[in-house]
Amino acid sequence: MKIDSWLNERLDIAKEAGVHRNLRSMNGAPVPERNIDGENQTVWSSNNYLGLASDRRLIDAAQTALQQFGTGSSGSRLTTGNSVWHEKLEKKIASFKRTEAALLFSSGYLANVGVLSSLPEKEDVILSDQLNHASIIDGCRLSKADTVVYRHIDMNDLENKLNETQRYQRRFIVTDGVFSMDGTIVPLDQIISLAKRYHAFVVVDDAHATGVLGDSGRGTSEYFGVYPDIVIGTLSKAVGTEGGFAAGSAVFIDFLLNHARTFIFQTAIPPASCAAAHEAFNIRTSLMNMGYVVKGDHTPIIPVVIGDAHKTVLFAEKLQGKGIFAPAIRPPTVAPGESRIRITITSDHSTGDIDHLLQTFHSIGKELHII
Ligand code: PLP
């Protein structure tokens with residue numbers, strides 16, 4: 001059998017289920033008004049929550065570092081890839097997250113995989129929220145520890161699972177801070193009090209909470225006024241650049257540097273990206289110092305559940321026909337029957353944009369007999 005005919009059969013299954021994916025070609029900076037596949041669209045699905053990915057100050061910081069440090073880092077951090085910008089950024093992240101130390105990874109995905117595959121041992125168990133991000137799931141799969149999944153933010157179920165797992169040496173509760181496809185906020189205060197009662201460690205992935213939740217945007221810890229053992233995050237969303245991080249005690253960071261394979265065996269992100277991210281944290285702090293309230297009590301993620309995958313694709317196509325770009329989110333990203341349009345509001349959208357979005361959702365919803 002030729003490889004293509006076998007793969008086509010597998011692709012056909014995805015097409016029949018309405019979950020086949022393809023790439024969209026974007027021409028220009030990551031601002032809401034964009035040319036996509038040759039058409040002008042307003043983007044409503046970006047994670048660039050604070051509009052920093054096209055901010056002049058970040059571009060200037062990256063350009064200066066680019067001139068001095070070149071385009072690539074040339075090696076892993078432990079060989080030839082470490083630079084003063086990596087170290088400056090790690091210090092900045094640790095102080096922003098109020099932890100002793102932080103370690104950069106090439107992405108948030110690799111931070112989750114690196115931490116979860118290295119930290120828990122064979123005689124341990126990971127308790128993982130049912131809707132955790134794919135990178136947490138993959139980290140659990142690579143871990144030598146067992147994984148037990150609890151129902152989405154269901155504290156009774158988590159407590160039952162904590163009771164049922166007493167035989168393990170150590171227990172790690174792992175959760176998203178803000179769930180990427182639902183916009184729900186984890187009740188971190190309750191998780192931490194359960195963890196204290198049952199002697200478990202808490203690992204929070206603050207990918208969508210960093211820069212968004214809490215009075216100064218420090219994430220779910222600040223929002224609830226509590227401190228988990230480990231915070232993971234990404235620079236690719238509100239921070240407007242790329243790369244991931246883990247933050248916690250200095251000993252934990254030393255451990256990761258020596259054990260996390262996605263740190264040890266990967267080329268460091270370019271110093272220019274670190275310089276841009278460093279500038280993003282500076283901007284945030286100076287806005288707060290000026291007296292602005294930089295926060296969002298609610299998350300910018302607004303999931304509109306349509307249900308059927310085919311209908312959701314049709315909905316997204318009709319939106320695109322009206323100049324609104326918000327692609328269909330389908331399984332396996334979300335559960336079957338829960339396909340949705342995931343709207344994200346960023347600081348770059350205007351009230352006029354929001355009015356147009358609402359009117360369009362109303363008319364398409366009526367046309368497709370959804371509302
Ligand atoms: N964790 C969550 C909750 C996410 O939504 C994402 C998004 O992509 C990641 C981790 C991965 O971050 P990155 O894009 O930096 O790999």
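**Close-up views of the predicted model**

**Figure 1. Lining of the largest cavity.** Strand S4 (101–105) and helix H11 (261–264) each contribute at least two residues to the lining of the largest cavity. The structure shown is a predicted model. The volume of this largest cavity is about 70 Å³, and a search of the whole structure finds 4 cavities of 30 Å³ or more. The residues lining the largest cavity are Arg77, His86, Leu104, Phe105, Ser106, Thr262, Phe263, Gln266, Thr267, Ala268 and Ile269. Sorted by class, this lining consists of 5 nonpolar, 5 polar and 1 charged residues.

**Figure 2. Thr262 and its polar contacts.** Thr262, one of the residues that line the largest cavity, is located in helix H11. Its relative accessible area is 16%, and Thr262 therefore counts as buried, the cut-off being under 20%. A polar atom of the Thr262 side chain lies 2.7 Å from the backbone oxygen of Leu110. The backbone nitrogen of Gly114 is likewise in polar contact with the side chain of Thr262, at a distance of 3.4 Å.

Figure 3. Helix H5 spans residues 108–118. Because 8 of its 11 residues are buried, H5 is largely enclosed by the rest of the structure. The buried residues are Gly108, Ala111, Asn112, Val113, Gly114, Val115, Leu116 and Ser118. Gly114, one of these buried residues, has its backbone nitrogen 3.4 Å from a polar side-chain atom of Thr262. Helix H5 also supplies 3 residues to the shell around the ligand, the largest share.

Figure 4. The shell around the ligand comprises 14 residues, of which Gly108, Asp205, His208, Thr234 and Lys237 come nearest. By class, the shell divides into 2 nonpolar, 9 polar and 3 charged residues. Gly108, among the nearest residues, is also one of the buried residues of H5.

Figure 5. A nitrogen atom of the ligand lies 2.5 Å from a polar side-chain atom of Asp205. The ligand taken alone exposes 380 Å², of which the protein buries 84%.

**Figure 6. The cis peptide bond between Pro331 and Pro332.** The peptide bond leading from Pro331 to Pro332 is cis, and its omega is near 10°. Pro332 is placed in the loop that runs between strand S13 (328–329) and strand S14 (339–344).

**Figure 7. Positive phi at Asp37.** Although Asp37 is not a glycine, its phi is positive, at about 50°.

**Figure 8. Positive phi at Ser74.** Ser74, which is not a glycine, has a positive phi of about 80°. Ser74 is found in the loop between helix H2 (56–69) and helix H3 (77–81). Ser74 counts as exposed because its relative accessibility is 60%, the cut-off being over 50%.

Notes
Residues numbered from 1 in each chain as written. Heavy atoms only, no water. Near = heavy atom within 4 Å. Polar contact = N/O pair within 3.5 Å; in protein donor to acceptor, adjacent residues only side chain to side chain. Areas by Shrake-Rupley, 256 points an atom, 1.4 Å probe, with all protein chains shown as cover. Helix = DSSP H or I, 4+ residues; strand = E, 2+ residues; numbered from the N terminus. Nonpolar A, V, L, I, M, F, W, Y, C, P; charged D, E, K, R; others polar. 1 Å grid on protein atoms, 1.4 Å probe; cavity = no way out; pocket = protein on both sides within 12 Å on 5 of 7 lines; lining within 4 Å. Points joined across faces, edges and corners; volume = space filled by probe spheres on them. Buried < 20%, exposed > 50% of the residue type's maximum accessible area, 1.4 Å probe, protein only.
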